[in-house]
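Look through the sequence and the structure first, then read the points below.

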Amino acid sequence: MDHGSTSRRQALQQLASLGALGALGLLRSGQAPAAAAGAIPGFGGTVTRREDAGYEGLRQSLVWHRSKPARYPDLIAQVRSEDEIAAVLRHAAANRLKVAVRSGGHNPTGPSLRDGGICLDLSALAGIEVDRARQLARVQPGVRAIQLVARLAQDDLTFPTAHCASVGMGGFLLGGGIGWNHGYRGGMATFNIEAADLVLADGRRVTASAEANPDLLWAVRGGGPGLFAAVTRFHLKAYPLPKAIRVSSYILPFAKLATMTTTLDALAPTADPKLELLALLMHDPAAPPGTPPEQAKICFLTAFAFGDSDAQAHAMLAPLAQSALAREATVKEENQVFTLFELFPKFFSTSTPGGYMGRYAAESAITDEPSRILHALADHFRHAHSPICHVIASYNMNLRAHADACFPSTARNYVGCFAIWDDAHADEDNFRWLERATTFMDPWAKGHYINEVEPRRNPERIRQCFPPATWERLQALRRQYDPQGVFHSWLGQPA
Ligand SMILES: Cc1cc2nc3c(=O)[nH]c(=O)nc-3n(C[C@H](O)[C@H](O)[C@H](O)COP(=O)(O)OP(=O)(O)OC[C@H]3O[C@@H](n4cnc5c(N)ncnc54)[C@H](O)[C@@H]3O)c2cc1C
């Protein structure tokens, strides 16, 4: 075998494909660098160009974790108003520049950073208006989870925000949104979007609701990080603040995984929807130093009871306290009283268990079989490359199908697998570990959660989040509402 000529041929092929990609990049995004560098008419916000001194610091700050994508927009436009969004989009359309939108910057894949064109940063749009009587909140996309919880609490209301305080409402709601008390509030937060205000690719401002532009509302409810419009305000259904929150947590040795899953399989189908059951496979933070990582894993169940009364919250947790899971737990804390605010730092720090903001990648399954997935994954999980990797399963999610939403509710529950690591040299190992994890998850998956899949390595993953007919309808709407392809599509998908 002629290794020399093979590798030369490969190198030539790579060069050729790089050239092709370069040309494509020019066509798609760098078509009018002069225009990109020029002023944007009607825009008074901050524009940072690639050649500006502060560009790289700003670019990196737009993605929350440490795996900063090597993707470079020509300019970053930080807007202050909806009018300015329209100005940016008109400028982009006129100059054939592509636009990627950013709200909270928490998406692990960093889809708001693309090569060339404009990154439209909406994070400063962080207004919240509350109509207490109608239990409605009008929320701008840059609002963070904890900001919405804090504002609504002033009116004795709440919303199923992300469990992590700093996640942006924009990407969270568009992709689905697994929030606090999700089983009682629609399974995914996106089903609580009653209407949305949008700026379309041609700069037009429209509202999408059941009455006006229902096809746009359908797309907003689950279209994820590749929508063909910029959402400037979500009109959200809010809920009465729970009167009592009690939490029970149990830690079991990893070898007792079957005890945890058997208990949950028995309890979950009849559990009160106000009981959130989150099962975690994780590294034992209390493991003695020197314990081989694969011997230092635990099962951790947390049950959050969001009651209308303290007695109700107690009653929801009682079956767990009497279960084999409680009997076999090595550590347990039962019936602890919490406020919603206290849940954020206690159970989900601003980044990950342990407050760690590392390099990050996630995969997920929407499934009717969370226990089968946990068992299928168990051995692979024990051998995870990084001790911060973890797996989360929601057992009482109550996802239902919604004809007026593109979020594909094909099953009732969810399992997420998270690779989190520190060393850039370990990227390949961790991505491979996550990819292999999908081979254990996918046989039991009926779909995937678009906010937690890895298109950086496998562009097909985005398409796999939707049934074929839903995918086709989304493509048709993209062609209708953004015929010129101003907005970037999902990461890895052709424009
Ligand atoms: C530490 C951490 C904790 C998390 N916890 C949860 C959780 O509890 N539950 C859960 O469901 N998810 C959770 N997530 C996932 C999170 O919901 C998604 O990553 C989501 O995309 C983040 O939204 P963002 O606005 O912060 O991100 P961004 O990166 O700003 O947005 C992601 C993409 O969404 C699109 N987008 C965002 N805003 C708009 C807009 N206004 N108009 C049009 N398109 C827009 C764009 O394509 C954008 O690139 C978590 C993520 C992390 C990193």
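Ala, Val, Leu, Ile, Met, Phe, Trp, Tyr, Cys and Pro count here as nonpolar, Asp, Glu, Lys and Arg as charged, and the others, Gly among them, as polar. The model is predicted. With these classes, the shell around the ligand divides into 17 nonpolar residues, 16 polar residues and one charged residue.

**Around the ligand**

- The ligand is surrounded by 34 residues.
- Gly-104, His-106, Gly-168, Gly-170 and Gly-171 are the closest of them.
- At least two residues of the shell come from each of strand S3 (99-102), helix H6 (169-175) and strand S10 (230-237).
- H6 gives the largest share of the shell, with five residues.

**The sheet**

- Strands of a sheet pair through backbone hydrogen bonds, and the pairing can be parallel or antiparallel.
- In this model, seven strands form an open sheet with antiparallel pairing, in the order S15-S12-S14-S13-S17-S18-S16.
- Strand S15 (331-338) and strand S16 (359-367) are the edge strands, and each of them pairs on one side only.
- From one strand to the next, the twist averages 15 degrees.

**Strands S13 and S17**

- Strand S13 (residues 275-283) and strand S17 (residues 390-394) run antiparallel and are joined by four bridges.
- Val-391 in S17 stands opposite Leu-281.

**A helix across the strands**

- Helix H12 (residues 370-382) lies across S13, strand S14 (297-307), S16, S17 and strand S18 (413-421).
- The direction of H12 is at about 175 degrees to S17.

Technical notes. Residues are numbered from 1 along each chain as its sequence is written. This is a predicted model: local features need pLDDT of at least 70, side-chain atom pairs count only at pLDDT 80 or more; totals for chains, interfaces and linings use all residues. A residue is near a molecule or strand if its C-beta atom, placed from the backbone, lies within 6 Å of it. Two strands pair if DSSP finds at least two bridges between them. Axes are lines fitted to C-alpha atoms, for helices over the stretch in contact, and angles run from 0 to 180 degrees between N-to-C directions. Two residues are in contact if their C-beta atoms, placed from the backbone, lie within 7 Å.
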